[in-house]
Amino acid sequence: MNTQPMKMIKLLIQTALLFIFYYLGTWLQQTLELVIPGSVIGMILLFLLLVIRVIPAKWVDDGSLFLTGILPLLFVPVCVGIMNYANLFSSEGAVIVAVIFTSTLVTLAITGAVSQLAARGPSERGTSER
C-alpha cells in the first residue's frame, strides 16, 4: 500500500481541523461581538483543548508543521500590499522603523525579564511556599 496518499490525506484533515478552530473562533467573535480577534479566540480554544487533553497533539502535529513550513509564503501578499503605501514609507519610513525597533527591544526585554523570573524557584523570588 502506498503511504504517500495517506500522508496527504492526514495532512489535509489536520489542516482542516486547524481551520475549523479558526472559523469557530471567528464565529464566536462575531456572534458575541468580542473585541478579541476570532483567530486568537480559535487558537485559545485549541490550546485549552490540547492542555486538557480533549484533543491529542498528534491530531494537529503534521498540519501545524506544514503551515509553519509555508508561513513565509503567507506573508508575500502583505509585502506586496505594502507597496501601495510607498509614499507613506518615503515620508515617515524612518519614524516607522524607529518605532518598530524600539517596541521590539522593549518586548524582548520584558519577555526576558518575565522568563527569568518564571525560571527561578519560589524561594529565589522571595516568596514563601505555604
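Analyst: A nonpolar core here is a set of buried Ala, Val, Leu, Ile, Met, Phe, Trp, Tyr and Cys residues joined through side-chain atoms within 4.5 Å. Buried means under 20% relative accessible area, exposed over 50%, and partly exposed in between (1.4 Å probe, protein chains only). Keep in mind that this is a predicted model: local features need pLDDT of at least 70, side-chain atom pairs count only at pLDDT 80 or more, and totals for chains, interfaces and linings use all residues. Residues are numbered from 1 along each chain as its sequence is written, and side-chain values use heavy atoms, with hydrogens and water left out.

User: OK, so which residues make up the largest nonpolar core?

Analyst: Six of them: Leu-17, Leu-18, Phe-21, Leu-46, Ile-55 and Val-60. Helix 1 (residues 3–32) gives the most, with three residues. Helices are DSSP runs of H or I with at least four residues, strands are E runs of at least two, and both are numbered from the N terminus.

User: What does Ile-55 touch?

Analyst: Phe-21, Leu-46, Leu-49 and Leu-50, not counting residues up to four places away in sequence. Contact means heavy atoms within 4.5 Å.

User: And Thr-15, buried or exposed?

Analyst: Thr-15 is buried, because its relative accessible area is 11%. Thr-15 sits in helix 1, and apart from neighbours within four places in sequence it is in contact with Gly-63, Phe-66 and Leu-67.

User: Switching to charges. How many salt bridges does the structure hold?

Analyst: One, where a salt bridge is a side-chain nitrogen of Lys or Arg within 4 Å of a carboxyl oxygen of Asp or Glu. Asp-62 pairs with Lys-10, and their closest N and O atoms are 3.2 Å apart. That links distant parts of the chain: Asp-62 is in helix 3 (residues 61–69) and Lys-10 in helix 1.

User: How far apart are Lys-10 and Asp-62, C-alpha to C-alpha?

Analyst: 7.9 Å in space, against 52 residues in sequence. Asp-62 is partly exposed at 32% relative accessibility, and so is Lys-10 at 42%.

User: Why is the Tyr-22 and Tyr-23 pair put in the class it's in?

Analyst: The ring centres of Tyr-22 and Tyr-23 are 5.0 Å apart and their planes are at 65°, so the pair is edge-to-face. Tyr-22 is partly exposed at 36% relative accessible area, while Tyr-23 is exposed at 53%.

User: Backbone now. What's phi of Glu-33?

Analyst: Near 50°, a positive value in a residue other than glycine. Most residues other than glycine have a negative phi. Glu-33 is in the loop between helix 1 and helix 2 (38–51), and it counts as exposed at 70% relative accessibility.

User: Where is Arg-53 found?

Analyst: In the loop between helix 2 and helix 3. Phi of Arg-53 is also positive, near 65°, and Arg-53 is exposed at 72% relative accessible area.

Notes: Phe/Tyr/Trp six-rings, centres within 6.5 Å; stacked < 30°, edge-to-face > 60°.
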